[in-house]
Amino acid sequence: MKLVLKNTGKLTLFILLFGFTHLQAQDVDDLLGELDEISPDQAQNITATFKSTRIINGHSIETVAKNHLDFRISHRFGTLNSGYNNLFGLDESRIRIGLEYGITDDLMIGAGRSSYLKEYDYFLKYRILHQKTKGLLNPVTVTLLASASTNTMDTSPTMQFFNNLERQSYVGQLMIARKLGERLSLEVNPTVVHRNKTETPIDANTLYAMGVGGRLKLSKRTTFNAEYFYVANNLLGNGFERDPAFRNNLSLGFDIETGGHVFQLHISNSRGMIEKQFIGDTQDEWLKGGLYYGFNISRIFSFDKKEKH
């Protein structure tokens, strides 16, 4: 009887050890399988093409992450050629305050109010394609922007509004960007801007523009940015011409990342901070000193309960 029990105990121990070893082997196989799925040889989404959802004035392909809120404050001062008595523009200021929220990692909504022309703007932005790390599949990131704005200034002899519909403007934009290594990112922005009522009676209601922009990484936390919007209406023929008083917008600046904030310092020939303004209403020229300097401050707040604080 003792011999039987002894042999039974050895058999039980052998079965347990074999089963445990077999389970360990299965766990290792499962783990190796998971590692294969996230192999560095597999194409991944490119991230951080730009530091912010804006290059300078215009949007970048970036979106606010899911359940995150971007609180943005933008300032534009007066022109450099306004003279010493105006402290070369520092005595004047226009501001836009905006809130932008990530519904998903690729879909965001936003709204803001500009003291310039007292305009409210609201937009939806959706990233439909991610640039990949390897291969020819998805060589660029593509994002769509649809926005509208409402002018709430009092009617005047120079700008008369007879109904609320005349106060509305609309923008549709396609953003296509590629990150070329760690230092350089480039973007093109075909854009259509429609104003129900224009600043002058001889200006086209619908503008067709091509924006180009980019950033050059100078250090871990600093980039040099540039953007230019060319309005192509005069190339399209009769009925689309612009009022010759208006100019194309050129802006240069720097992004400085300070942890929870992105600080953007720049200079531009436009005082406007939304597409309808800096594409449609720019009248100043770089070579004549019609330059506005200003800054954007972006602060991200997380409402994601899964994040560790």
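Helices (H or I, at least four residues) and strands (E, at least two) are DSSP runs, numbered here from the N terminus. Counted this way, the chain has two helices and 12 strands. Read from the N terminus, the order of these elements is α-β-β-β-β-β-β-β-β-β-β-β-α-β. The model is a predicted one, in which local features need pLDDT of at least 70 and side-chain atom pairs count only at pLDDT 80 or more, while totals for chains, interfaces and linings use all residues. Residues are numbered from 1 along each chain as its sequence is written, and side-chain values use heavy atoms, with hydrogens and water left out.

The predictor's confidence in each residue is given as pLDDT, on a scale from 0 to 100. The mean for the chain is 85, and 85% of its residues reach 70 or more. Residues 1-39 stand under 50 throughout. For this stretch, the model has two contacts beyond four places in sequence, where a contact means heavy atoms within 4.5 Å.

Next come the totals for the chain. Of its 309 residues, 39% are buried, a word that stands for under 20% relative accessible area, with exposed meaning over 50% and partly exposed in between (1.4 Å probe, protein chains only). The accessible surface is about 17,300 Å², and carbon and sulfur atoms account for 64% of it; such areas come from the Shrake-Rupley method with a 1.4 Å probe, and for residues only the protein chains shown count as cover. Among contacts between residues at least 6 apart in sequence, 60% join residues at least 24 apart.

The interior can be described through its cores. A nonpolar core is a set of buried Ala, Val, Leu, Ile, Met, Phe, Trp, Tyr and Cys residues joined through side-chain atoms within 4.5 Å. The largest one has 10 residues, including Phe50, Ile55, Val64, Met108 and Phe123. One of its members, Val64, is in contact with residues that include Leu69, Tyr101, Thr104 and Met108, when neighbours within four places in sequence are set aside. A second, separate core has nine residues, among them Ala209, Phe229, Phe278 and Ile279. As general background, nonpolar side chains in soluble globular proteins tend to be buried together.

Rings of Phe, Tyr and Trp (its six-membered ring) pair if their centres lie within 6.5 Å; planes under 30 degrees apart count as stacked, over 60 as edge-to-face and the rest as tilted. Searching the whole structure gives six aromatic pairs. One of them is the edge-to-face pair of Tyr208 and Phe240, with 6.0 Å from centre to centre and 65 degrees between the planes. This pair links distant parts of the chain, with Tyr208 in strand β8 (residues 206-217) and Phe240, 32 residues apart from it, in the loop between β9 (222-231) and β10 (249-257). Tyr208 is partly exposed at 31% relative accessibility, and Phe240 is partly exposed at 31%. Phe263 and Phe295 form a tilted pair, because their planes stand at 35 degrees, with ring centres 5.8 Å apart. Phe263 belongs to strand β11 (residues 261-268) and Phe295 to strand β12 (residues 292-302), so this pair ties together parts 32 residues apart in sequence. Phe263 is partly exposed at 31%, whereas Phe295 is buried at 19%. Ring pairs also join Phe77, Phe263, Tyr293 and Phe295 into a cluster.

Which residues does Ile73 touch, not counting those up to four places away in sequence? The list is Ile95, Arg96, Phe295, Asn296 and Ile297. Ile73 is found in strand β1 and is partly exposed, with a relative accessible area of 24%. Strand β1 also holds Phe71. The C-alpha atoms of Phe71 and Ile300 are 6.4 Å apart in space, although the two residues are 229 apart in sequence. Beyond four places in sequence, the contacts of Phe71 include Gly98, Arg299 and Phe301.

Finally, two backbone angles deserve a look. Asn67 is not a glycine, yet its phi is positive, near 60 degrees; Asn67 lies in the loop between α1 (2-37) and β1 (68-79). Leu117, also not a glycine, has a positive phi of about 65 degrees. Leu117 sits in the loop between β3 (107-114) and β4 (119-129) and counts as buried at 14% relative accessibility.
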